[in-house]
Amino acid sequence: MKNSSSSLKSELKRLGPLRALRSESQTLFNINRPLQFVLNVYEREINKLNISFEICGDLEGFDVRTRYGALIQVFTNLVDNSCYWLNTSQAKSRKIQVYIDKNARTVIFADDGPGIHDSIKPYLFSPGYSMKIPRSGLGLYISKHYMNDMNGDIQSINNDKYRIKELVGAQFLLDFSKVAGE
């Protein structure tokens, strides 16, 4: 009962900002803006867990026209998941890296955690599937919904073509190539 209550409280906290998203209009902003906002929110947690956070690639980013709150939710979920899994990892190095590719209009979000368990991979973006305790399984499902809603996509990186080689954990490719940018 205590775990269920904690899970519900966590989800309500995370879903609270979504109430405003339905009425939020699309605006033009740089991809770095919501990323920096989420980093500011998680700064204390990242420091407490001794996680190194690095943004690399095209540091000037690129512009997107979408709902700002939607991208905050996507980045929040990715940072939250990485913090959780890095905290469970016995690895000496705890690292999150965000690689921005301005020309391809993509963002790779990677960590040095335990990676995605094979049993969950087929259901990764389905609601209700999670290996976290307490379980909810809504974060990546919501992220996929918002990315698709803006004509973008999010997918787990499993092949070597896009993976950041020095990081062994979970890696996600956020594709903004079809998202309006002007």
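1. What is the volume of the second largest pocket? The second largest pocket has a volume of about 460 Å³. A pocket here is an open set of points on a 1 Å grid over the protein atoms alone, where a 1.4 Å probe fits and protein lies on both sides within 12 Å along at least five of seven lines. Points are joined across faces, edges and corners, and the volume is the space filled by probe spheres set on them.

2. The model is predicted: local features need pLDDT of at least 70 and side-chain atom pairs count only at pLDDT 80 or more, while totals for chains, interfaces and linings use all residues. Residues are numbered from 1 along each chain as its sequence is written, and side-chain values use heavy atoms, with hydrogens and water left out.

3. On the lining: 28 residues line this pocket, and Asn 81, Trp 85, Leu 124, Lys 132 and Leu 140 are the closest to its centre; a lining residue has an atom within 4 Å of a point. Helix H3 (68–88), strand E5 (106–111) and helix H4 (139–149) are the elements that give two or more residues to it. H3 gives the most, with five residues. By class the lining has 15 nonpolar, 10 polar and three charged residues. Nonpolar covers Ala, Val, Leu, Ile, Met, Phe, Trp, Tyr, Cys and Pro; charged covers Asp, Glu, Lys and Arg; the others, Gly among them, are polar.

4. On the fold: the protein has four helices and seven strands, in the order α-β-α-β-β-α-β-β-α-β-β from the N terminus. Helices (H or I, at least four residues) and strands (E, at least two) are DSSP runs, numbered from the N terminus. Of the 182 residues, 45% count as buried, where buried means under 20% relative accessible area, exposed over 50% and partly exposed in between (1.4 Å probe, protein chains only).

5. On strand pairing (at least two DSSP bridges between two strands): E2 (residues 52–57) and E4 run parallel and are joined by six bridges. Ile 55 has Val 98 in E4 as its bridge partner. E4 and E5 are antiparallel, also over six bridges, and Ile 96 stands opposite Asp 111 in E5.

6. On the cores: a nonpolar core is a set of buried Ala, Val, Leu, Ile, Met, Phe, Trp, Tyr and Cys residues joined through side-chain atoms within 4.5 Å. In the largest one, of 41 residues, Leu 71, Val 107, Phe 172, Leu 174 and Phe 176 touch the most other members. H2 (32–48), H3, E4 (95–101), E5, H4 and E7 (171–175) each supply at least two residues, and H3 gives the most, with 10 residues. A second, separate core of six residues includes Ala 110, Ile 157, Leu 167 and Leu 173.

7. Leaving out residues up to four places away in sequence, Phe 176 touches Ile 31, Phe 62, Val 64, Leu 71, Arg 105, Val 107, Met 147 and Met 150; contact means heavy atoms within 4.5 Å.

8. On backbone angles: Arg 105 has a positive phi near 55°. Arg 105 sits in the hairpin of E4 and E5, which has four residues between the strands, and at 17% relative accessibility Arg 105 is buried. Asn 50, in the loop between H2 and E2, has a phi near 60°, a positive value in a residue other than glycine. Asn 50 is exposed, with a relative accessible area of 63%.
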